[in-house]
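Hello,

Here is the structure I promised to pass on. Please have a look at it, and then read my notes below.

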Amino acid sequence: MENFCNFATQTINSDNMNIAIVGTGYVGLVSGACFAEVGIDVTCVDIDAGKIERINRGEIPIYEPGLDTLVKRNVKEGRLHFTTSLAECIDNVDVVFCAVGTPPDEDGSADLQYVKAVARDFGRHIHRYTIFVTKSTVPVGTSAIVRAEIADELARRGKDVKFDIASNPEFLKEGAAIKDFMSPDRVVIGTDSARARKVMERLYRPFLLNNFRVIFMDIASAEMTKYAANSMLATRISFMNDIANLCELVGADVNMVRKGIGSDARIGNKFLYPGCGYGGSCFPKDVKALAKTGRDNGYHMRIIEAVEEVNDAQKLVVFNKLAASFPSLKGKRVAIWGLAFKPETDDMREAPALVVIEHLLKSGAQVVVYDPVAMDECKRRIGDAVSYARDMYDAAIDADAIALMTEWKQFRLPSWRVVHKAMRGNLIVDGRNIYDPAELTEEGFDYKCIGK
């Protein structure tokens, strides 16, 4: 049964707790910086020596608003450290967080090789009671695998060192991760040990200023909670995209439908915005992994598998609208506004823009792209297969069509007269439904969106 713990609103220091976080990707680096910000001594560990060197030089490897300042401040004040060796710091820490990646295998299951490697490293080097906390998104049952890996390493050493396992899934939104970490609506902790629970309560005390809930549960339930949460949000997106596609066929306006159902308190208005599909590091991977967990246990997750199918098809909607607007796309110049899977990040993992670009190139179109943040990431992924514009207006020059793929703020209110003058054609395909159809039609554009 869940236990809901509300702590009194007061400033409580961290009692000089020391922790290590293995993995300096998105979750690890944000978590490390935020823990350090409240006075906890944090050592971030990564086997990529080049990455650690760059961070120590003040170069932050990911884009997240406010992260650069947070990391530099806590490094300067001596609370945040970076190393390539867990062995160097493990004797001085109370908790080791595992925040390494769990990329999807070909069958959709989460690849646990990096998590198991961290567990083995932990088992090789602990000399006193320490808690191993899985922050990576992992399938139900991973805690047993982690515990076995650690126990095997201790047995090889001939040591009997006490340790505990806990699960502490993250619920950070890219673009708002620091706010989410510092003022969370809930913290989920799975543990089967009273001693570990006490340590985790103490660790999270500095964040409890607003009386938010720490939800304690068993480890398997904590592992499942992460997948269930992301899959529910993905389900709402795919459901609304399905409704939007039907709206187009029957002459309804999906924005009116969204407002109508979102006003129902039982439904609410979050994640009901139709568009060109979801992407990122979490939703696609977690939906696949949850479906795979169902299959592994003899259960067909029919809704979850449908969510993935709808999303895969939705990523083609913008391309299909472009293709339907011309006799042929060969030789057509198409400008892509937005590359990241969402605003306020440079993350292009599973981004709908990548699908549209791939199909445009296969159709013989010339593609020019612009994104405020993700240009370097795009170059890393697809190189010179596309042209890179200096800004949104530069991308529009001689374009036969513009496709909006990411709803960055700077794209919300362009000078349409400048855009129209720069373009060769007049087609605008709005993959995020942020523009006013009447306004664009009045400006002389052939405007297409989703669900109208």
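Contact here means heavy atoms within 4.5 Å. This is a predicted model, in which local features need pLDDT of at least 70, side-chain atom pairs count only at pLDDT 80 or more, and totals for chains, interfaces and linings use all residues. Residues are numbered from 1 along each chain as its sequence is written, and side-chain values use heavy atoms, with hydrogens and water left out.

Let me start with two helices. From α8, the residues M224, K226, Y227, N230, S231, L233, A234 and I237 meet F283, D286, V287, A289 and L290 of α10. Sorted by class, that contact holds nine nonpolar, two polar and two charged residues (Ala, Val, Leu, Ile, Met, Phe, Trp, Tyr, Cys and Pro count as nonpolar, Asp, Glu, Lys and Arg as charged, and the others, Gly among them, as polar).

The axes of α8 (residues 219-250) and α10 (residues 283-296) come within 9 Å and cross at roughly 115°; axes are lines fitted to C-alpha atoms, for helices over the stretch in contact, with angles from 0 to 180 degrees between N-to-C directions. The two helices are therefore roughly perpendicular, a label for 65 to 115 degrees.

Now to the strands, where pairing takes at least two DSSP bridges. Strand β8 (residues 186-191) has five of its six residues buried, meaning under 20% relative accessible area with a 1.4 Å probe, protein chains only. β8 pairs with β7 (residues 163-167) in the antiparallel sense over two bridges, and A166 stands opposite T191 of β8. With β9 (residues 213-217), β8 pairs in the parallel sense over five bridges; there, V187 has V214 as its bridge partner.

Best wishes

Notes: Helices (H or I, at least four residues) and strands (E, at least two) are DSSP runs, numbered from the N terminus. Angles under 35 degrees count as roughly parallel, over 145 as roughly antiparallel, 65 to 115 as roughly perpendicular and the rest as oblique. Buried means under 20% relative accessible area, exposed over 50%, partly exposed in between (1.4 Å probe, protein chains only).
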